[in-house]
Every structure is written in C-alpha cells, then in structure tokens.
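Please read this briefing beside the sequence and the 3D view.

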Amino acid sequence: GFEPAPAVARRGGLRSWQSSRPVLGTWRALRIEAPADRIEELEDDKARARQLLARYGVLFRELLAAELPPLKWGRLLRALRLLELSGECFAGHLVEGFEGLQFASRDALRLLRGTWDDGERFWMNACDPASPCGVLPGMPPRVPTTWLAFRGGQLVLVARRNGRDVEVRVPPEPPDFTLFRTLLARAVRPLSRVAVETIDDARAAASRHAAAFRQAGFRDDMDALVLERTYA
C-alpha cells in the first residue's frame, strides 16, 4: 500500500530533488497476526513486561500511565504476577511516594539493596526512558531540550532550552565548579557553544551562582554566561 510522494515540478538541483523523494530503502507492509489464543496473548504480555522491567527496573501504575495501550498497567498486571511466581521479578513496595503494588526486576532489586555513591555524578535527557520527568512530582516536563544533572540521588541542575535557562537546586556555597562544568557541558554535548541566559529566573551574569559558573570556565557575554567547546 505504499506509494512514492508526487514529484515536485521544479528544477532546483540534486538536493531539492532528493528532498522531494520518499525515505530511501526497500519497504513492505508487515502482517501482524493476532494471538491464536489467550495463552499466546499472555506470552506476548509477559514479553512486554520483561521489556519494561529492563527499561525501568521498577514498575508501578503511575509509571505506565503514559504508555501505549498494550503497555498499560491493567493490561500487564496478570503477566507481572506470573513473572513474580516464576521468580523473574519481585513484588512489594519499593519506591516511596506511590501507593499500590510495585514490581522490580532482579537486577533492579540488587541495585536498590546495594550501597549508593552520593558523590556519583550523571546526567540524562528529560525524554530518556529512565528519566523521572512526568512521573515523579517536582520534575520538569518531558521535553527533549531539557537535561537533568544528578549528584547521587539528588537532582542538582535542570538545563532547559539546551542550556539557555538553568535551574540550580543546590546552595551556591560551597560552589562545586567541576559539577557545573562537567554536567552542563556534557548534557548539551551536541552543541559547540552553550549560552546560559538565565539562572533561577535571574540574569545569568547577575545570578548568585554566577561566580561558580565563571570558575568552571564560563565567560561573560553581555548578560549571559557562555561555555564553548575546546579541542585538545
């Protein structure tokens, strides 16, 4: 049933012609057959549940509220119960702030029981599958231009609009210069230049965190603080 897009009636060079073509490749429609019976349907649900456990580690109703219908909590609850009975996952109350039953994979439970390095630093995009945005209260919206920086289990920095608007969730003293530089620079790594225009809704250059940003390598550019990529 696929048909190529109609040709554009103009002579604009090779690039213009290429932009008018459909996606390159060999295409064919896939025939998706419905499960033969309830047992086969349940096996499909178990496979979906395993995929979600591998993605999130811990599953609960609120986490799956925004998923597609085949991945909803009500659809997969029976499959999760069967995985629990077979020892593939564990049920209980694992994450505070959410009521009701929760399931965790074996790997996730091992990590939850282990020790947590409060000094570990990492970042993620708000749309990352592991992102708490849209799930946990107090988190920013799930927008691809928003980045989160963590130190241990604490959210310390939110960079919106690819770093133009920054929210710092830690006190300015003592300033952690390395934290600001590495996390913000890595979060917007695809960009060669990061211009921070506002910090905590104030002009970046006049922010109480401005000294920490300057110490981390940012330079003043009018009212903004700029960090440019350097090459060794």
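Residues are numbered from 1 along each chain as its sequence is written, and side-chain values use heavy atoms, with hydrogens and water left out.

**Confidence**

- The chain averages a pLDDT of 82, and 82% of the residues score at least 70.
- Among the elements of the chain, β3 has the highest mean pLDDT, 96, whereas helix α5 (residues 177-187) has the lowest, 58.
- Where pLDDT is low, the predicted coordinates should not be read in detail.

**Nonpolar cores**

- A nonpolar core is a set of buried Ala, Val, Leu, Ile, Met, Phe, Trp, Tyr and Cys residues joined through side-chain atoms within 4.5 Å; buried means under 20% relative accessible area, exposed means over 50%, and partly exposed lies in between, with a 1.4 Å probe and protein chains only.
- The largest such core has 19 residues, and those with the most contacts inside it are L52, L53, L59, F60, W73 and L80.
- At least two residues of this core come from each of α2 (38-56), β1 (58-59), α3 (73-85) and β3 (102-105), and α3 gives the most, with 4 residues.
- Where contact means heavy atoms within 4.5 Å, F60 touches W73, V95, F98, L101, Q102 and V135, not counting residues up to four places away in sequence.
- A second, separate core of 18 residues includes W147, V168, I199 and L227.

**Helix α3**

- Helix α3 has 13 residues and reaches 18 Å from its first C-alpha to its last, close to the 18 Å expected at 1.5 Å a residue, where the expected span is 1.5 Å times one less than the number of residues.
- Its buried residues are W73, L76, A79, L80 and L83, and these pack against α2, β1, β2 (89-92) and β3.
- After α3 comes G87, whose phi is positive, near 85°.

- Two strands count as paired if DSSP finds at least two bridges between them, and an open sheet of 6 strands with mixed pairing runs in the order β4-β5-β6-β7-β9-β10.
- The edge strands are β4 and β10 (202-203), each of which pairs on one side only.
- Together β6 and β7 form a hairpin with 4 residues between them, and R161 in the turn has a positive phi of about 50°.
- Strand β7 (residues 165-168) has a covered face, made up of V166 and V168, and an uncovered one, made up of D165 and E167.
- Strand β7 is also joined by 2 bridges to the parallel strand β9 (residues 198-199), with D165 standing opposite T198.
- Strands β9 and β10 run antiparallel and are joined by 2 bridges, where I199 has A202 in β10 as its bridge partner.

**Cysteines**

- A disulfide is a pair of cysteine sulfur atoms within 2.5 Å, and a search of the whole structure finds 0 of them.
- C127 is in no disulfide, and the nearest cysteine sulfur, that of C133, is 7.9 Å away.
- C127 counts as partly exposed because its relative accessibility is 35%, whereas C89 is buried, with a relative accessible area of 1%.

**Loop residues**

- T146 sits in the loop between β4 (121-125) and β5 (147-151), and it counts as buried because its relative accessibility is 6%.
- Leaving aside neighbours within four places in sequence, T146 is in contact with N125, A126, P140, V158, A159 and R160.
- E67 lies in the loop between β1 and α3, and K72 lies in the loop between β1 and α3 as well.
- E67 counts as buried at 15% relative accessibility, while K72 is partly exposed, with a relative accessible area of 29%.
- Leaving aside neighbours within four places in sequence, E67 is in contact with L52, R55, Y56 and K72, and K72 is in contact with L64, A65, A66 and E67.

Terms used. Predicted model: local features only at pLDDT ≥ 70, side-chain atom pairs only at ≥ 80, totals over all residues. pLDDT = per-residue confidence, 0-100.
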